[in-house]
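Subject: Structure for your review

Dear colleague,

Please find the structure below, followed by an account of what was found in it. I would be grateful if you could read the two side by side.

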Amino acid sequence: MKASLTVMKESVAAGMNPDTRSVSGLTGGDAYKMQQAVDAKRNICGKVFGNALAKGLAVSETNACMGRIVAAPTAGSCGIIPATLLTIAEDRDIDDDSLTMGLITASGIGMVIANKATLAGAEGGCQAECGAASAMAAAAITEICGGTPQMAAHACAIAIKNILGLVCDPVAGLVEIPCIKRNAMGAANALTAAELALAGIASAIPADEAILAMKKVGDTMSPALRETADGGLAATPTGIKLHKQVFGK
Amino acid sequence: MLEIFDIIGPVMIGPSSSHTAGAVRIGKYARSILGSKPIEAEIRFCGSFAKTYRGHGTDKAIIAGILGMDTDGNRIKNSFTVAKEEGLSYTFVTCEIDNVHPNTAEIVLKGDAGNNVLVRGSSIGGGNIIITKINETTVSINGKSTTLIIPHRDVPGMIAFVTNVLADKGVNIHGFSLSRDRKGGTAVMTIELDGDTDATINDAIMKNPDIISSTILNAI
């Protein structure tokens, strides 16, 4: 788990390069732009939030460049856990041992989701990837920031509730559009859920039931919305145009 | 059932855990089942794999696995070039197979020893895989443990014989399945073991004339 933490840090650093460009040429350089805005204090939601968004973009851009990342729980959602945990760690001076324990908490939540529902976009849509990652991150941040296990479970439930139904609709089938920005969104969702839980707000629907609801929603999703690149944003005129631009047909 | 250390990881080359890392692992497992250097590969992509394999680099990933690379190998991106260097020719086709996981591939490999093998595997999320078919035999192997595959004649006493060999070697069995094509025909034992094991187990098992072959597949 500690080795994973090291690779997570490296993948953030790699993605902050202004010249990152994916193999397809469709994406890159957005993490750098976001970080510039935060460093110049041009962003509207403060340093922690802005840094988390930038790191989420960075790891996801590293992934799109066929760089080295840690699947957390998947590659499509690999930015969310490192973005939130490493941002909180910087802000609060949290050491690697505590972060490692946070990763174990995140994994525990992920294990329940994997066994009760799914972590594959092809089975459950984006809610199963970015949704699972933000639920895992939300629980881990809650724990690291001193929340109880019950609060962590509420954070998990809130994060899943907020992302329920999100489809997996990658343009040209690539893990780029909308995946990279959804990693920033997943980080925001995790921070939102953790903030609410740490403030003592409970989820009316328990985490276990939210996870099962996520599975049932995934089961009813059309295959066009489960990573086949046949629906959603992939099927928009621009999505189709970009597909042609990359593959020439 | 996935366990806590299956969730975060693997460390991998992007962009997709199911379409890149899982594909590397299916390819790598197919190579180890073949047991010799692969010289020809036909890859059949089904479901989501068939629709999106080019975009996710699933084609490069599965070839990388067949070449023996790991999920974090820096050369995955260039696996087609490496294949040329190593004398592996390959073709990709798409197909539909009923009742399989959406991310499924079948790999037909020919080795330099002249042998062939067909391996069907599914990438079930987060880089985890299940091998569901080897040649005509239905199996369920996740590749996380050392696995013995033993085709044998369907006659009494075979399970007792093999498990006794394993007991004598002090090896613990944690998973066991058996299937056969017909009564008295060919049956296949798939046995999952704790820890590593050595090739002398194969020699001991092969002493029984009703055993057709014995293959040890290391965890990947």
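The buried residues of helix α4 of chain A are Ile80, Ile81, Pro82, Ala83, Thr84, Leu85, Leu86, Thr87 and Ile88 of that chain; a residue is buried if 20 or more other C-beta atoms lie within 10 Å of its own, exposed if 12 or fewer, and partly exposed in between, with C-beta atoms placed from the backbone. This is a predicted model, in which local features need pLDDT of at least 70 and side-chain atom pairs count only at pLDDT 80 or more, while totals for chains, interfaces and linings use all residues. Residues are numbered from 1 along each chain as its sequence is written, and chains are lettered from A and ligands numbered from 1 in the order in which they are written.

Helix α4(A) covers residues 80–92, and its 13 residues reach 18 Å from the first C-alpha to the last, close to the expected 18 Å (1.5 Å times one less than the number of residues). Its buried residues pack against α1 (2–15), α3 (46–64), α5 (96–116), α7 (130–144) and α9 (179–198) of chain A. After α4(A) comes A:Asp93, with a positive phi near 55°.

Chain A as a whole has eleven helices and one strand; helices (H or I, at least four residues) and strands (E, at least two) are DSSP runs, numbered from the N terminus. Their order along the sequence is α-α-α-β-α-α-α-α-α-α-α-α. Of the 249 residues of chain A, 61% count as buried. Among its contacts between residues at least 6 apart in sequence, 78% join residues at least 24 apart, two residues being in contact if their C-beta atoms, placed from the backbone, lie within 7 Å.

Chain B contains six helices and eleven strands. Its radius of gyration is 17 Å, in agreement with the value near 17 Å for a compact globule of 220 residues. Of the 220 residues of chain B, 47% count as buried. The chain is divided into domain 1 (4–141) and domain 2 (146–217), with bounds from an automatic or database domain assignment. The C-alpha centres of these two domains of chain B lie 26 Å apart. Their contact takes ten residues from domain 1 and nine residues from domain 2. On the domain 1 side, β7(B) provides the largest share, five residues.

Turning to the interface between the chains, 39 residues of chain A are in contact with 33 residues of chain B. On the chain A side, α5(A) gives the most, with nine residues. By class, that side has 23 nonpolar, 13 polar and three charged residues; Ala, Val, Leu, Ile, Met, Phe, Trp, Tyr, Cys and Pro count as nonpolar, Asp, Glu, Lys and Arg as charged, and the others, Gly among them, as polar. Strand β1(A) pairs in the antiparallel sense with β1 (residues 11–13) of chain B over three bridges, where pairing requires that DSSP finds at least two bridges between the strands. In β1(B), B:Ile13 is the bridge partner of A:Arg68.

Yours sincerely

Conventions
The radius of gyration is taken over C-alpha atoms; the globule rule is 2.2 Å times the number of residues to the power 0.38.
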